[in-house]
Amino acid sequence: RLKISRMALVYLCVLCMNTGFGCELRGNFDMPSLFKEGDIMIGGIFPVFNKDVTKYLCRFDLRAFRWAQMMIFAIEEVNTDPALLPNISLGYRILNSCSSPTNTLRAALTLARSQNEKETFSGSSQSLAVAGILGPFQVSYFSTCACLSNRAKYPTFFRTIPSDYFQAKALAALVKHFGWEWIGAIQSDNDYGRNGVLAFKEEVTKFGICIAFVGTVLRTYPQEKILKVVEMIKQSTVKVILAFTPEGDFSPLMREVVKHNITGIQWLASEAWITAPQPSTPEMYRAFGGALGFVVQKMNIPNLNPFLMNINPYRDPSEPFVKDFWEIMVGCKPSSNVSDTGAAKICTGNETLMDYTQDVFFNVSQLRVAYNVYKAVYAIAHALHQLAQIKGKPVCCFDCVPCAEGSIANSTGATECTACPQDYWSNERKDGCIPKTVEFLAYHEPMGVALTAVALLGASLSLLTMIVFIHYRETPVIKASNSELSCFLLFSLFLCFLCPLTFIGKPTVWTCMLRHTAFGVTFALCISCVLGKTIVVVTAFKVVHPNNKPAVGQFGPIQQRIIVCSCTLVQVIICILWLKLNPPFPDRVFKYNSKKIVLECNTGSEVAFYAVLGYIGILSVICLVLAFLARKLPDNFNEAKCITFSMLIFCAVWITFIPAYISSPGKFTVAVEIFAILSSAFGLLISIFAPKCYIILVKPEKNTRKHVMGKK
């Protein structure tokens with residue numbers, strides 16, 4: 001059984017496209033991170049730096065830095081809580097995404113190299129970049145894209161913020177409430193913006209509201225693209241515009257809107273920028289003041305303020321992000337290395353954050369996205385805590401869950417299951433591997449006994465019928481039915497009845513090669529004899545009297561032997577080529593049942609197998625057509641009628657055999673093939689020879705030349 005005490009991270013590596021090779025780690029990403037060791041590691045990815053419009057520069061984002069600090073704060077709270085994850089410490093590794101899906105993927109790959117890390121992500125596009133490929137579960141605090149709700153595609157993705165599906169419905173209801181019928185839309189060129197506007201359009205269309213245009217923006221767009229959107233706004237007559245974009249992507253357009261003095265627009269905002277600080281500046285307020293939107297739930301966390309006030313670049317000079325924060329907040333660079341300072345003022349070391357307590361960074365009464373980060377950490381902590389501690393038991397006790405079928409845990413308290421070898425299966429206790437049951441159609445089982453008995457019965461009846469025909473070979477009935485071909489046919493039926501014996505028992509190299517080739521050759525011989533008899537009947541009854549030598553001479557004994565031998569020889573050649581090029585062989589099949597190994601004969605070549613069947617089918621159809629044409633020829637003992645009936649049975653059996661053969665699993669495939677062989681052989685034996693034996697043995701008074709010729 002498997003003891004669950006922690007969840008391990010599935011390793012991820014970049015695939016190397018070399019045939020025959022697996023995964024190969026091609027290199028490491030040199031990414032600075034906030035790090036603290038713990039029993040279980042939680043990975044965090046935050047847009048601490050944002051790409052500017054130039055594509056080359058990243059600006060420090062105080063709000064995202066506070067999100068990262070909130071994660072550290074929440075983890076430290078969990079570690080000091082004796083009731084939550086006792087005796088287990090949480091650690092963290094926090095990386096910068098730079099609000100880029102590419103950088104997010106780099107960060108995720110970096111985290112994936114460290115075992116036992118759970119992850120938190122920011123925006124929708126960043127989450128989408130990794131949600132479908134990483135093994136550990138991911139909890140996002142800012143990804144609202146409705147597309148991430150697809151549990152089949154993203155089964156390990158969770159979030160502490162509502163889906164945009166609900167925001168789109170709410171924004172559409174807001175537009176309807178104010179009676180706006182002609183609006184514009186701005187979307188960011190990523191999954192968040194495109195999916196958000198798409199959901200919004202679907203909702204407002206229901207209310208008969210028209211969207212005049214949809215502009216697209218992105219923080220890395222060149223200025224020409226941004227100006228095109230500005231012109232789109234200026235030339236349109238709409239007075240209400242929805243901007244479904246993150247703050248960073250919307251910023252370039254905001255600056256241009258202010259620069260072009262575009263006012264009088266009622267802006268509708270998505271949750272990503274409605275509470276952002278930039279639109280609230282005096283410069284931006286002139287154009288964007290009065291924007292409406294739905295905000296993320298806010299929460300006050302008083303204990304966070306002392307934690308933020310305690311940030312210090314001198315505690316660990318190598319700690320990333322903190323120096324950038326200090327430079328923006330305090331206004332000096334905490335570095336003694338002159339080459340690192342540039343034009344910035346060098347700190348004296350006496351600076352303190354106590355002088356900046358009124359800054360919005362330290363306001364912990366209006367926490368929105370930061371509160372989602374807080375909830376994400378606690379969601380992970382509670383999930384790990386419940387994994388499974390047993391309620392009412394000491395914390396050292398864990399629930400043990402059985403390993404999956406086919407795997408075992410052979411030591412007490414094991415945290416991983418080991419897969420059994422291919423030939424073995426797990427026992428009921430899942431603590432040991434036992435050999436799989438080997439299955440094949442054996443002689444001693446009921447089905448094998450029954451099929452063997454029927455096969456031997458058919459072979460015995462064939463021999464007895466042959467003895468009867470030899471003994472009464474001078475009688476009119478036997479003479480009329482062509483005694484030589486009849487004996488050939490009975491001998492081939494005798495071999496056909498013995499064929500199933502090669503199908504029963506453990507498959508070996510020789511039995512596998514023998515069973516299919518013997519079946520093909522004996523049945524080809526059998527149908528060749530029937531074909532010869534049919535041609536004789538058709539030829540013989542072209543005249544009224546059977547003693548018409550010219551008619552009979554057209555297809556005499558020599559021609560009969562030639563047709564039988566030549567038709568059989570074709571099948572022999574097919575079987576020789578089959579055995580030479582790709583012969584049948586014994587095979588072990590695991591697909592039918594996970595607990596069994598089915599021993600069966602692999603045909604080697606499906607083409608050859610169906611060629612053998614197809615050739616027998618062609619002979620049967622020719623025989624059936626000729627016998628059908630001769631069924632109404634005049635006599636009291638027209639053998640064509642018997643042959644027609646026997647061929648109908650034969651064809652019906654083998655037509656139904658193919659779908660039954662394909663759909664039957666394991667040893668039942670062999671049983672179906674044996675059943676088809678026996679059924680078709682009995683059909684030929686009974687249909688052709690039963691009427692003759694009946695007259696010879698039961699009604700000898702009808703075994704006369706007059707009765708055979710139909711004379712009264």
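Me: How many residues of the second largest pocket's lining are nonpolar, polar and charged?
Reply: In this predicted model, the second largest pocket has a volume of about 550 Å³. Its lining comprises 20 residues. Divided by class, these are 10 nonpolar, three polar and seven charged.

Me: Which residues lie nearest the centre of the second largest pocket?
Reply: The lining of this pocket draws on two domains, with at least three residues from each of domain 1 (33-161 + 364-388) and domain 2 (164-288). Among the 20 lining residues, those nearest the centre are Arg63, Arg66, Thr275, Pro277 and Val360.

Me: Which element gives the largest share of the lining of the second largest pocket?
Reply: Two or more lining residues of the second largest pocket come from each of strand S5 (58-60), helix H1 (62-80) and helix H12 (369-386). The largest share is four residues, and the element that supplies them is H1.

Me: Why is helix H7 described as largely enclosed by the rest of the structure?
Reply: Helix H7 covers residues 247-259. Its buried residues, each under 20% relative accessible area, include Phe250, Leu253, Met254, Val257 and Val258, together with the charged Glu247, Asp249 and Glu256. H7 is largely enclosed because the number of its 13 residues that are buried is 11.

Conventions
Residues numbered from 1 in each chain as written. Predicted model: local features only at pLDDT ≥ 70, side-chain atom pairs only at ≥ 80, totals over all residues. Heavy atoms only, no water. Expected span 1.5 Å × (residues − 1). Buried < 20%, exposed > 50% of the residue type's maximum accessible area, 1.4 Å probe, protein only. 1 Å grid on protein atoms, 1.4 Å probe; cavity = no way out; pocket = protein on both sides within 12 Å on 5 of 7 lines; lining within 4 Å. Points joined across faces, edges and corners; volume = space filled by probe spheres on them. Domains from an automatic or database assignment.
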